[in-house]
2 protein chains.
Amino acid sequence: MERIMMAHGSGGRLSHELISTLFQKYLGNSYLDQMNDATVLPGQAQIAVTTDSFVISPLFFRGGNIGKLAVCGTVNDLAVSGAIPQFLTLALILEEGFPLEKLERIIQSIAGTVSHAGVKIVCGDTKVVERGSADQIFINTTGIGYRMERLVGPAQIQPGDEILITGTIGDHGIAILSEREGLEFQTPVVSDCAPLNGLIDAFYQPGVKCMRDPTRGGVATTLNELAQQAGVSMLLEEVNLPVLPSVEGACAMLGLEPLYLANEGKALVIVSPSAAEEVLKKMKNHPLGRYAARIGKVQAENSGRVLLETPLGGKRILGMLEGEHLPRIC
Amino acid sequence: MERIMMAHGSGGRLSHELISTLFQKYLGNSYLDQMNDATVLPGQAQIAVTTDSFVISPLFFRGGNIGKLAVCGTVNDLAVSGAIPQFLTLALILEEGFPLEKLERIIQSIAGTVSHAGVKIVCGDTKVVERGSADQIFINTTGIGYRMERLVGPAQIQPGDEILITGTIGDHGIAILSEREGLEFQTPVVSDCAPLNGLIDAFYQPGVKCMRDPTRGGVATTLNELAQQAGVSMLLEEVNLPVLPSVEGACAMLGLEPLYLANEGKALVIVSPSAAEEVLKKMKNHPLGRYAARIGKVQAENSGRVLLETPLGGKRILGMLEGEHLPRIC
């Protein structure tokens, strides 16, 4: 079986072979094919930019792999910011000895996901480090999006707004954990890893005030960020949180809280009360939003805090994630 | 001494602390301070984009460190493409246990270099992997530049054009190698690591047809790429190659060829015969171009090849770099 060698990162002949036999073969397009030190792209008066490195372990899991994740993560950061994702850069750090067959599967998955999400890989970079100096493969994607007339952000949030989520909570976290620990569930948990731009295009309308994808740190940490940035509090209703029974069971067994688990295909959406009903309906009509739910509301008191109302009516404070329960979740 | 912990990459409280006490402190600007999933930037009808990961070992070397290099490498890829570098993203992969003091020195160096180069860090990402899963720190920078009326690229190259280089060859490669191997020279070799956009602004004029920075693979590999892309050959005159005596001595001792060594602050510039004299003069008037030289010419015969003319008049073919002599040079 062929494996990555140090010379694949030399910038010399083997680097060029890798580019033509793998990257151009699966990802080629008129921008990538410019093959210059920088790629010239059509821009816009305002652009949106985001960057993310992916170090997930294991590389392959139910519902995806590091390649699909690297596309979705960056596409979603653009989409929740109100931008239309357009272009992605792709930078790989490979460990010497990494099987070329695995790399090919990852690149194929990237190709499928960028096609699905309607974006293009426009430039790339490959570095190779000695065996033991990296764990198999790390991927960085940086995304560029066009701006739309979508005025979203924490500054738009007001007391009285409703908090929606586009689907079930914690699937990605439990999928990775069960893969890592070899846990078996009656109904296997599949990562929700998916590009959200199509879903967001389907439900966006005036009255949508802020969107975030609750990845590392989960719903609780993301809402804490928003509460602090907007100077409001968020009151979640535990009874309304959509959690798959298998995720709930795994959490109970392992002592984990779904609200702190990573999601890779969900958006938190803060919406004005008058638009909430219609936005939720549109979400549910999209395949990625079937389990969308209204999970809480924005309040003025207790500014900067996130509170959870239990089924019996008690309230407790949800802080940001402390420590690190699930390293290398993305 | 404080060290990076897994929780610094959790997306939770410690991640936020790192952002405010380190990244915002040294790199803060109105774009970075947006603190959204994506950053909104002023764009242009055409933009230039490039990405690069840096895995250099050792992290600190004469003339720079991985942080300075990560800024220069990406700024230079934009500048040689004829763009004006504007914005950089910054994504770190850190090994658990990496000293915070070293991270701070690297971030300070990034801050100094972006300021010198006139660019801004506009968004970032930090991941942490377990001890032994990465070698200390890897950095990805993705750069965005504005397009100028600079029509440069391999398609502009014609037989008869002159080949200039903005300074001495192989300094970075020998600086890293001597640091790694503990070699001592009478005159220590310092990496040429520098942002080239100021130099290029100083010498650019109509007649400049193509620019490339000869990093991994060196001058010989970069000229091979250009020769193939432009369908011409390149004839180098060995006697005119600017090489520091200490670099020449180290190469002789170690059996290395300066033409295959990495440079991190040099540009190869292909220029029309009528503009060559003036462009060379402007280069020499800039501090980073003092040792600029005319090193060869473009020819029609032997298309796709690079030839070296020795002082005695013989010619030999210079192929692309084969294998990997100096891994993790950038």
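**Exercise 1.** Identify the bridge partner of A:Pro42 in S2(B) and state the sense in which the strands pair.

*Solution.* Step 1: in this predicted model, A:Pro42 has B:Gln46 of S2(B) as its bridge partner. Step 2: strand S1 of chain A (residues 39-42) pairs with S2(B) in the antiparallel sense over 4 bridges; pairing requires at least two DSSP bridges between the strands, and strands are DSSP runs (E, at least two residues) numbered from the N terminus.

Conventions: residues are numbered from 1 along each chain as its sequence is written, and chains are lettered from A in the order in which they are written. Local features need pLDDT of at least 70, side-chain atom pairs count only at pLDDT 80 or more, totals for chains, interfaces and linings use all residues, and side-chain values use heavy atoms, without hydrogens and water.

**Exercise 2.** Determine how many residues are in contact, and what area is buried, between chain B and chain A.

*Solution.* Step 1: with contact taken as heavy atoms within 4.5 Å, 69 residues of chain B touch 69 residues of chain A. Step 2: the buried area (accessible area, 1.4 Å probe, lost on putting the two parts together, summed over both) is about 5,500 Å². Carbon and sulfur atoms give 55% of this area.

**Exercise 3.** State how many salt bridges the rule finds across the interface of chain B and chain A.

*Solution.* Step 1: the criterion is a side-chain nitrogen of Lys or Arg within 4 Å of a carboxyl oxygen of Asp or Glu. Step 2: the rule finds 10 salt bridges across the interface. Step 3: B:Glu322 forms a salt bridge with A:Arg13, with the closest N and O atoms 2.7 Å apart.
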